[in-house]
Amino acid sequence: MTLATGALAAGAIAGAGSAAAEETPQHKGGALATLGGLQTYGQAVVRDAGASQQVPAGLFEMSVDGGGTLQTYCVDIHNPTQKDAEYQETPWSGTSLNGNKDAGRIRWILQNSYPQVNDLAALAHKAGARALTEQAAAAGTQVAIWRYSDSAEVEAVDPQAEKLADYLYKSARGAAEPKASLTLDPPAVSGRAGERVGPVTVRTDADAVSVTPPADALASGVKVVGKDGKPVTSATDGSQLFFDVPEDAPDGSAALTLQASTTVPVGRAFASETRSQTQILAGSSESMVSATASATWAKDGAIPALSAEKKCAKNGVDITASNKGDRPFTFRLMGLKHTIEAGTSRTVTIPLQEDQAYDFTIKGPNGFEKRFKGVLDCQTESKAIGNKAEPVSDPSPASAGGTSTGGGDLAETGGSNATPMIAGIAVVMVVLGATAMFLLRKKKDPTEPSED
């Protein structure tokens, strides 16, 4: 039986675990991209609690790791973007779109407006607008999305863009969440040496994906094979992959990587671990997508496999643990002990507060370690603070020139330099909280027995 420990942090990521631990962010596969900024946009006016602010509204551009470009709109109007923030393709269940009954309408808007519809004359005719420029089309589309994603009171400054926003908002119908561009299910497996460990099922909209075997495959003898036991170098949607581990292989682990060049489906969400504004995909070039799966094997004892996924409906992170060994696997998180019996699998939900950072390492037998870290970001800023936007500092040049009137400030949708200040406040609040706890402990009744 093996015991594991974990640590969580509120407001800032805390160091935890061994440096050798395999760090596992909650990315189940797909595209990874870096935010470039607003590229095609107009202006909109947001009204909130008696205040109004003019903000840029339109299409962002992202550069995909490995090649490719994405165009996105935002679905988090009150939260600022962060320059060069890194984003990852994310299921709706891990973003503020979770539980939003109008999320499907947002996808309909994306499918039926700019840039998916690039005949602006036809789009203007449907909307009853005199004409539409690319900037007006982008602004009108973003405004319609905000009305559903944030329940925002927002209007486009350009009258023709406002006509498009009204048309899209009133015409929108429900549409299903698009499938991931590439994901592996499950992303972690375990088993005994001398067996085929798996299966790992490929889910993709690409015609084919390349399979890269473990880095030390030649030395270890571990192969990636299909259901027929033959080595594979490519896979398609629904393919099942296995790690073929030699019987004399020492206890250990390995990982395989899948890659493909494909267009990412419109409507896929993109989230950042730095809480930069959540985005939703409006258009994609041929882009590189990837996914990784790991395998752990041993001759006997507990043989764990661990994966994690944010679940906004549960206000936490789901840790899925399986044990293909012949002894129980035990780990402890948040002060609770969890035991996975031999031959079973179990999902444990780690509860978190909105915007809470977490960083914990789970250890197992034979040097097994998995580190999970991230931030729970499940609500739009307005929902998180009771529908009242939080004031921020003056916008940076990347904000494309938002102005405000009426005495209130909303976060710039194009960017803000407020993030360092907010992070600093969070650290101060954590320190003050710890100090308060210390003083309260000092003031306890002297007749109370000591904990020592």
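**Disulfide, salt bridges and helix packing**

Analyst: Cys312 and Cys378 are both buried, where buried means under 20% relative accessible area, exposed over 50% and partly exposed in between, with a 1.4 Å probe and protein chains only. This is a predicted model, in which local features need pLDDT of at least 70 and side-chain atom pairs count only at pLDDT 80 or more, while totals for chains, interfaces and linings use all residues. Residues are numbered from 1 along each chain as its sequence is written, and side-chain values use heavy atoms, with hydrogens and water left out.

User: How many disulfides does a search of the whole structure find?

Analyst: The search finds 1 disulfide, defined as a pair of cysteine sulfur atoms within 2.5 Å. Cys312 and Cys378 form a disulfide with their sulfur atoms 2.1 Å apart.

User: Which parts does the pair tie together?

Analyst: Cys312 lies in the loop between strand 18 (304–311) and strand 19 (316–323), and Cys378 in the loop between strand 24 (369–375) and helix 6 (381–384), so the pair ties together parts that are 66 residues apart in sequence. Helices (H or I, at least four residues) and strands (E, at least two) are DSSP runs, numbered from the N terminus.

User: And what is the handedness of that disulfide?

Analyst: The disulfide of Cys312 and Cys378 is left-handed, because the torsion about its S-S bond is about -80°.

User: Is Cys74 buried or exposed?

Analyst: Cys74 counts as buried, with a relative accessibility of 0%.

User: Now the charges. How many salt bridges are there?

Analyst: The count comes to 15 salt bridges, a salt bridge being a side-chain nitrogen of Lys or Arg within 4 Å of a carboxyl oxygen of Asp or Glu. One of them joins the side chains of Arg268 and Glu89, at 2.8 Å from N to O.

User: Where do Arg268 and Glu89 sit in the chain?

Analyst: Arg268 is in the loop between strand 14 (252–262) and strand 15 (269–271), and Glu89 is in strand 5 (residues 86–90); the pair links distant parts of the chain, 179 residues apart. Both Arg268 and Glu89 are buried.

User: What about Asp102 and Arg105?

Analyst: The side chains of Asp102 and Arg105 also form a salt bridge, at 3.3 Å from N to O. Asp102 is buried, at 13% relative accessible area, whereas Arg105 is partly exposed, at 29%.

User: Which residue forms a salt bridge with Lys311?

Analyst: The partner of Lys311 is Glu309, with the closest N and O atoms 4.0 Å apart. Lys311 is partly exposed at 25% relative accessible area, and Glu309 counts as buried at 18%. Elsewhere, salt bridges that share partners join Arg275, Glu354, Asp355 and Asp377 into one network.

User: Turning to helices: at what angle do the axes of helix 1 and helix 3 cross?

Analyst: The axes of helix 1 (residues 103–111) and helix 3 (residues 134–149) cross at roughly 170° and come within 9 Å. Axes are lines fitted to C-alpha atoms, for helices over the stretch in contact, and angles run from 0 to 180 degrees between N-to-C directions. Helix 1 is therefore roughly antiparallel to helix 3; angles under 35 degrees count as roughly parallel, over 145 as roughly antiparallel, 65 to 115 as roughly perpendicular and the rest as oblique.

User: Which residues make the contact?

Analyst: Helix 1 contributes Arg105, Ile106, Ile109 and Leu110, and helix 3 contributes Thr141, Ala144, Ile145, Tyr148 and Ser149; contact means heavy atoms within 4.5 Å.

User: How covered is helix 1, and what covers its buried residues?

Analyst: Helix 1 is mostly covered, with 7 of its 9 residues buried. Those buried residues are Ala103, Gly104, Ile106, Arg107, Trp108, Ile109 and Leu110. Their cover includes strand 4 (69–74), helix 3, helix 4 (159–171) and strand 16 (279–284).

User: Where does Ser113 lie, and what does Ser113 touch?

Analyst: Ser113 lies in the loop between helix 1 and helix 2 (120–127) and is buried, at 0% relative accessible area. Not counting residues up to four places away in sequence, Ser113 touches Leu123, Thr141, Leu164 and Leu168.

User: Finally, what is the secondary structure of the protein chain?

Analyst: The protein chain comes to 7 helices and 25 strands. Of its 452 residues, 50% count as buried.
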